[in-house]
Amino acid sequence: MRKAGNNMTETATESVKYDGLQDRYLLFCIGDTNYGLPLAMALEILNIQPITRLPCVSPYIKGIVNLRGKVIPVLDVRAKLGMVERGYDDATCIIVIDLHDMHIGLIADRVSEVLTVPQENIIAPPKNSASYIDSVSDLDGKTVLNLDCEAFFRDDLDQNLS
Amino acid sequence: MSNDDFGMESLLEVFIHETEGMLEQLDNILLESERAKSITEENINTIFRITHTIKGSAAMMNYGGISSLAHSVEDVFYILRENPSKLALVFNSIFDLVFQASDFFKKEMEGLQGESYAEGDPSEIIAQLEQQAGVIKGERPPVVESVPAPPQEKPVSPDAVRIRIVFEADCGMENIRAFMLLNLLQPYCEELSSVPANPENDSSASAAIIRDGFLVLCRPAGSVDDLAKVIESSLNVKSYEILENAAAPEDKKTEKASPAPGEADEGTAAQAKSEAQNLSKGVKQSLISVNQTKLDHLMDLVGEIVTAESMVVGNPDLKGLHLDSFTKSIRELRKLTDELQDIVMSIRMVPLQGTFFKMDRIVRDMSKKLGKKAELITEGGDTEVDKTINDAIVDPFMHMIRNSMDHAIELPEERLALGKPETGRITISAKNTGGEIFITISDDGSGLDTDKLLKKARSSGLLTKPESEYTEKEIFNLILLPGFSTNTAVTEFSGRGVGMDVVRKNIEQVGGTISIASEKGKGTTFTIKIPLTLAIVDGMNIAVGSTVFTLPITAIRQSFKIGDESQIIHNTDGSEMIILRGECFPVLRLRDVYSIESGTENLLEGIMIQVDCGGSGYCIFTDELIGEYQVVVKPFPIFLNRYDLKNKGLSGCSVLGDGSISLILDVNTLRKE
């Protein structure tokens, strides 16, 4: 299991690599809440497509999809966050992210926009180990919860690497 | 990485690859010859050639240790080639030495592939080889003495001669050459010593020889001219001077006629001749070595093409159209892709022979070390498996053979007392049964002791039910559990902390299974079933509701519809069974196993598929058969590893022609015992 500190350095090198992606966030919505994801992590956004269900997995893992010959797992962010699931519609998206060279699809209600969030607008949340939130940014009265992917997938990765 | 680096690196790779290939050949010849108690002339030539090539390429790569050891092996076989009759003198010791040499080479090869490489020191083996060379030439009694060279200071009698020999610059291995020269001089001298003494034991002597020349002190048996002739005819001698009397040195300096005798000397000439002969009679080399990652890539590409082809053929846009010419072209394409796939698969196939030979070597070494007598019999070494699989099974096999040698085969006395032949026998045989390879490893040793196994399992806390309820097969399977090892004492060969559970894990990793049969006092047989290849399987696609599964064709015995419900027998625990040809098979509803909500519950609507798994079969109930397809097996994403789907009946997934994904069923793990 990689430590969060490691992740920090990784994000740092990545932002050097993807110059111009720094401070840029991909915003997606679950219900009325805005979530942010570092843009450097996002690989692509797919429309919702038929997902092959897998037996014997956690309910929030919806199955696997074929991304140009590559098989990637798809998670429902709603379910993972413990919210009530809802049916998928035209706005539903799969955000494909890269986490430790693993490609993972995240199902979000919709993707809203890509935003540049200046460092000074980012506020650290209260310390809470159970939280998936890295920081909160405040933009023109819009509140964005920045997802800490490391924490978000900690449960899944823990047993992966053991 | 700069170009130069790359060049050198690939050169090293080629060197390692070639040398390993030749070492394997060397081992085979040696084992074969040792068994036959003689070496054929052809084999002597081959060994000579192998060591010669290794020497050359090692010298080129600047690995002095390898090169000089190869040189001394080459020397011994050079002499043997001239005088095959002398072989009997040194037969056993030569084999041990050459095996040692071969091990040394292998260790060096491993070192070269590792992170940091430190050259090993072969001088001990070299010294022994030189000594044997002397024995063959009849200059030394065939008694093994640990220090072969004469003492350093010998009283030199009045008519003693001192000869100072200067070797050609850069000829390398001066100390060894000096030693060989001493051996050559031996028959012509009554007394012989040298400065430095025992040059063969000390590679640092080379420097001294280069600096001061090699000084031979001797009392010639005949005339001094005899000695001069010998020196003149030996290799790489640049010049020599005979200082007639130690007290009153009278220079008689002779410069050798040809300054560079390398090409003309007999050794090289003979070598060149033999190589020329081999060239003329041998078949033209048409093999090339390819990096395995390239092959993997090619395999992936072919997989993609197969998928893409299905996408075109099954394209929904074509539905309802009658396209004669299109269908014809598609058929042609299909033929070609099939052929392409077969070829790529065949490139990746390697015969098991190589692995078997390694086992042969282990049996030989261990029987020597343990004082046991055993022979390895191999059958079906020409059976081919995918390279990945071949690589994955070498370690488990070695472990099993070691186990058999260490624990199963008894000492010769014990065997005779038990009325068994003195020599134990381990048989390893392979055969191809369509989609799978059957490999059995059996021995005629002590067999598994069920009482002992149970006792051991009890003390390790591995038993899950009362002992009396364990069947024999279940008891045998206990040895495959982690944390089980019957031998309390750790020996050199087995018992290194890895047990049969690791063997099982390795075999299962490539989709194989292992089962054990044993009879106390008679022996043990391990049966291993491995899929021929991992990448592409012929599968029957079946559907349960909207989920598509692929069932490997090789597992299917038959499929049928049920006429009426009365054929189904309900067990007391609620499970269902069906009787087919007098045998009772459990029925497994895929829908229930994987809790799929859609799909039919009515047994009359769906279809039954009888599958085979490791001797016992069962029936899978599913909605419908979709058809037979070739599918490319893809592993599940690593992200899903924690769910251990491999042990829940799913061996992987596959992208179908329409871009959707099917789940590949593994009949062995699908049904829980």
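How many residues does the contact take from chain A and from chain B? It takes 17 from chain A and 20 from chain B. Two residues are in contact if their C-beta atoms, placed from the backbone, lie within 7 Å. On the side of chain A that touches chain B, β4 (61–67), β5 (70–76), β7 (102–108) and α4 (154–161) each supply at least two residues. By class, the residues on that side are 10 nonpolar, 5 polar and 2 charged. Here Ala, Val, Leu, Ile, Met, Phe, Trp, Tyr, Cys and Pro count as nonpolar, Asp, Glu, Lys and Arg as charged, and the others, Gly among them, as polar.

This is a predicted model: local features need pLDDT of at least 70, side-chain atom pairs count only at pLDDT 80 or more, and totals for chains, interfaces and linings use all residues. Residues are numbered from 1 along each chain as its sequence is written, while chains are lettered from A and ligands numbered from 1 in the order in which they are written.

Now turn to chain B. It has 19 helices and 23 strands. Helices (H or I, at least four residues) and strands (E, at least two) are DSSP runs, numbered from the N terminus. Of the 673 residues in chain B, 33% are buried. A residue is buried if 20 or more other C-beta atoms lie within 10 Å of its own, exposed if 12 or fewer, and partly exposed in between, with C-beta atoms placed from the backbone. Take the contacts in chain B between residues at least 6 apart in sequence: 70% of them join residues at least 24 apart.

Start with the helices. Two packed helices are described by the angle between their axes and the distance between the axes. Axes are lines fitted to C-alpha atoms, for helices over the stretch in contact, and angles run from 0 to 180 degrees between N-to-C directions. Helix α3 (residues 64–82) of chain B packs against α4(B) at about 155°, with the axes 11 Å apart. The two are therefore roughly antiparallel. Angles under 35 degrees count as roughly parallel, over 145 as roughly antiparallel, 65 to 115 as roughly perpendicular and the rest as oblique. The crossing of α3(B) and α4(B) is left-handed. A crossing is left-handed if the near helix is turned anticlockwise from the far one by less than a right angle, and right-handed if clockwise. Residues of α3(B) in this contact include B:G65, B:I66 and B:L69, and those of α4(B) include B:F104, B:F105 and B:E108. The contact has 11 nonpolar, 1 polar and 1 charged residues.

B:E108 deserves a stop. It sits in helix α4 (residues 87–113) of chain B. Leaving aside neighbours within four places in sequence, B:E108 is in contact with B:Y63, B:G65, B:I66 and B:G120. B:A118 is 10 residues from B:E108 in sequence and 8.4 Å from it in space, C-alpha to C-alpha.

Helix α4(B) also packs with helix α5 (residues 123–136) of chain B, at about 155° and with axes 10 Å apart. That makes α4(B) roughly antiparallel to α5(B). Their crossing is left-handed. The contact residues include B:L89 and B:V90 of α4(B), and B:I125 and B:I136 of α5(B). They divide into 10 nonpolar, 4 polar and no charged.

Next comes a sheet. Strands of a sheet pair through backbone hydrogen bonds, either parallel or antiparallel. This open sheet of chain B has 5 strands in the order β7-β9-β10-β12-β11, with mixed pairing. Two strands pair if DSSP finds at least two bridges between them. The edges are β7 (374–379) and β11 (513–519) of chain B, each pairing on one side only. In chain B, β9 (residues 424–433) and β10 (residues 436–443) pair in the antiparallel sense over 8 bridges. B:T427 has B:S442 in β10(B) as its bridge partner. Helix α12 (residues 353–370) of chain B packs on the sheet and touches β7 and β9 of chain B.

Most residues other than glycine have a negative phi. A:C56, not a glycine, has a positive phi of about 60°. It lies in the loop between β3 (42–47) and β4 of chain A. A:C56 is partly exposed, with 16 C-beta neighbours inside 10 Å. B:R581 also has a positive phi, near 45°. Its loop runs between β17 (576–580) and β18 (583–589) of chain B. B:R581 is exposed, with 6 other C-beta atoms within 10 Å.
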